[in-house]
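Dear colleague,

Please find below the structure for your records.

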Amino acid sequence: MNKNNCVLTVLILLIMSIGMSGCVDEQADGDAFSATGINRDLLFQTSTIDALLEGVYDGDITFEEMKEHGDFGIGTFNGLDGEMIAIDGDVYQIRADGIAYTVNDSMMTPFAAVTYFDVDEDIVINESMSQQQLEEYLVSLMPSKNIIYAFRIDGTFDHMKTRSVPKQNKPYPRLVEVAKNQPTFEFNDTEGTVIGFWLPEYIDGINVPGYHFHFITEDRTAGGHVLEFDLRNANVQIDQTYDFMLELPRNDDFSSVDLTDNKQDELKQVEK
Ligand code: ZN
C-alpha cells in the first residue's frame, strides 16, 4: 500500500467509526428505548401460529411475564380458553360465552403478541366504512409493507361480529377442527375498541400475515376475535414497529410438533 492509499484507508475507517457511533447514539436516545431501557418499539411474541394450528395449546409463559413486554396485544390462553385482548395494560379473556373476564397474572398463554403502544399516527374517520374499506384505506397509508403495524381503533360500530373458541381438553384437536364449532357474537350500534396488528407476508408460519383484530366493548364486558364490522366513525391510532422478538415454549408439545408444512390455507379458514 502506498502512502496515499494508507491515508485514504485511515480516513475511511475514521468516517465509518463516526458513522457507527452515530447509529449507537441514535438507538440509545431514539424513541425505541424508554428511560428504563425497555425497547418500546418491539413486538414480543410467544410460540408460532403454525404450532397453534397444530394444537399446541399450552404455553409456558404467564401474563405477568407477558406484561413485561407490552401493554397492548392479542392472543389466546392455555387450553385455547378464549380470545385475549390487552389494552392500556389491562388483559381480558373473552371466553366461549362472549363475556370478557379479567385475567390474573398467573394464567398462561400458548400464543400471544404484545407491544408497548406508542402513537405514531392519529386518524379521525367521520364516515361509514366496512371493515374491508377501512383495511384498504389503512394499507394505502402505510409507508412500507415490510414493517409491523399495531392498530388501535376506538369507534362506534353499526355492526360487529366476533367469535371466541371453547376451552379444549387433551388430546387437543387441531385448530381447524375447533373453529368449525366456534361460537359467534353480534353487536349492533356498539362502541368499543378494535386492537390488532398488520404483519408483512414474510411472517407466514410465525404469525398471521396481514390484519388480525380483536374487539372489546367500551364497557369492557364483551368482545372476541373480529370476523367483520361496519364502522360509523372512529379514531384510529397507528404504532409503527421495527423490532420483533420470538420466544418459543420450552415444553414437549412444542418441541415435538411437525412445523414443516405450509398451513396458510388452513390459517385462512381459522381466521374467518
Ligand atoms: Zn384472534
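**Salt bridges and the zinc site**

A search of the whole structure finds 14 salt bridges, a salt bridge being a side-chain nitrogen of Lys or Arg within 4 Å of a carboxyl oxygen of Asp or Glu. Please note that this is a predicted model, in which local features need pLDDT of at least 70 and side-chain atom pairs count only at pLDDT 80 or more, while totals for chains, interfaces and linings use all residues. Residues are numbered from 1 along each chain as its sequence is written, and side-chain values use heavy atoms, with hydrogens and water left out.

One of the salt bridges joins Asp158 to Arg232, with the closest N and O atoms 2.6 Å apart. Asp158 lies in strand E11 (residues 148–163) and Arg232 in strand E14, so this pair ties together parts that are 74 residues apart in sequence. Strands (E, at least two residues) and helices (H or I, at least four) are DSSP runs, numbered from the N terminus. Asp158 is partly exposed at a relative accessible area of 30%, and Arg232 is also partly exposed, at 32%. Here, buried means under 20% relative accessible area, exposed over 50%, and partly exposed in between (1.4 Å probe, protein chains only).

Arg174 forms a salt bridge with Glu266, the closest N and O atoms being 2.9 Å apart. Since Arg174 is in the loop between E11 and helix H5 (175–178) and Glu266 is in helix H7 (residues 264–271), the pair ties together parts that are 92 residues apart in sequence. Arg174 has a relative accessibility of 26% and counts as partly exposed.

A further salt bridge links Glu177 and Lys180, whose closest N and O atoms are 3.3 Å apart. Glu177 is partly exposed at 38%, whereas Lys180 counts as exposed at 56%. Salt bridges that share partners also join Glu54, Arg174, Lys263 and Glu266 into one network.

Turning to the metal, which residues coordinate the zinc ion? They are His212 (NE2), His214 (NE2) and His225 (ND1), at 2.0 to 2.1 Å. Along the chain, these donors follow the spacing H-x1-H-x10-H. His212 belongs to strand E13 (residues 210–217) and His225 to strand E14 (residues 223–241), 13 residues apart. Donors are N, O and S atoms within 2.8 Å of the metal (3.2 Å for Na, K and Ca); water is not among the atoms, so sites may look incomplete. His212 counts as buried at 10% relative accessibility, and His225 is buried with a relative accessible area of 1%.

With kind regards
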